[in-house]
Amino acid sequence: MASPDDLKFQEFEEATDLLLADPGASTLSMSGSSSTAPASATGDIKLDMSDDEGQEESSELLGGEKRTSGFWTFEYYQSFFDVDTMQVLDRIKGSVMPLPGRNFIKHTLRSSPDLYGPFWICVTLVFSVAISGNLSTFLNYLGDPQYHYRPQFHRVTIAAVVIFLYAWLVPLGVWGFLTWRQREERQQSCYSFLETVCVYGYSLFIYIPTSVLWILPFEWLRWLLILVAMVISGSVLVLTFWPVVRDDTKVTAFTTVATIVVLHALLAIGCKMYFFQTATRTVTPTDPTPNHTAAILNTKTY
């Protein structure tokens with residue numbers, strides 16, 4: 001049976017002799033502790049085999065994913081189009097079914113605006129207005145022998161300029177005014193420029209089916225469709241921007257909302273008046289009686 005003296009730690013003579021021969025030699029210490037001690041004066045090097053290095057690498061990877069790219073890079077604008085089909089359909093549904101007390105930005109966008117929906121809505125609206133306007137002109141003059149149909153491709157350019165300028169310049173003006181009033185009145189909430197563009201873009205969706213129905217050659221039906229579209233689309237804008245301006249003065253609040261509605265109505269009325277004009281036919285006289293009478297008066301009697 002081993003005695004207690006045999007269980008004591010003993011120094012190895014060879015290691016002691018090496019350290020005495022070269023005091024500046026480096027030693028390796030395999031430790032499993034999570035904290036590393038500073039190097040000693042003798043230049044000891046300690047290897048820490050803990051998981052700190054792995055945690056640092058994972059944190060760097062996570063930090064790299066959260067970094068935002070500059071506005072000059074493609075990745076910066078790619079994030080604005082990162083939506084799926086269900087999100088776009090849900091936002092379109094919210095733009096055609098406005099409910100009282102339901103803010104489009106707060107309840108539908110949910111602080112994640114996109115440019116995918118507004119861009120394609122504007123493109124679709126451009127072609128629907130231009131093509132429907134050409135078809136409406138063709139149907140209005142159908143049966144007129146003096147009318148020769150010619151496709152008016154310049155209407156596509158005019159529709160694109162008007163719609164895209166409205167979808168970008170008007171939100172820019174609204175956002176700039178609200179930002180200025182926020183600083184003047186020290187309001188707490190204000191929408192970003194991207195959110196303003198997004199709500200304006202989705203509010204134009206109702207005009208796509210409306211422009212298709214404008215093909216029908218009934219003037220009273222066209223004006224009725226304009227009224228319905230303006231009420232639905234204007235309600236989305238009013239319910240969205242009224243909570244922001246209602247804390248301002250009454251004159252400023254009502255003037256701002258009225259300006260938003262009037263500009264929105266001018267877009268619809270202007271498109272109807274230019275692209276869907278009422279046909280004015282010229283009646284060609286077919287009675288040869290005036291010519292026959294003139295011929296009789298010009299004859300000489302012998």
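1. Two rings of Phe, Tyr or Trp (for Trp, its six-membered ring) form an aromatic pair if their centres lie within 6.5 Å; planes under 30 degrees apart count as stacked, over 60 as edge-to-face, and the rest as tilted. The structure holds 12 aromatic pairs.

2. The model is predicted, so local features need pLDDT of at least 70 and side-chain atom pairs count only at pLDDT 80 or more, while totals for chains, interfaces and linings use all residues. Residues are numbered from 1 along each chain as its sequence is written, and side-chain values use heavy atoms, with hydrogens and water left out.

3. W175 and F193 make an edge-to-face pair, 5.7 Å centre to centre with 65° between the planes. W175 lies in helix 7 (residues 154-185) and F193 in helix 8 (residues 193-203), so the pair ties together parts that are 18 residues apart in sequence. Helices are DSSP runs of H or I, at least four residues, numbered from the N terminus.

4. W214 and F276 are also paired edge-to-face, at 5.0 Å centre to centre and 70° between the planes. W214 sits in the loop between helix 9 and helix 10, and F276 in the loop between helix 11 (250-275) and helix 12 (289-298), 62 residues apart.

5. Buried means under 20% relative accessible area, exposed over 50%, and partly exposed in between (1.4 Å probe, protein chains only). W175, at 30%, counts as partly exposed, and F193 is partly exposed at 26%.

6. Y166, Y191, Y200 and F241 form one aromatic cluster.

Note on methods
Helix = DSSP H or I, 4+ residues; strand = E, 2+ residues; numbered from the N terminus.
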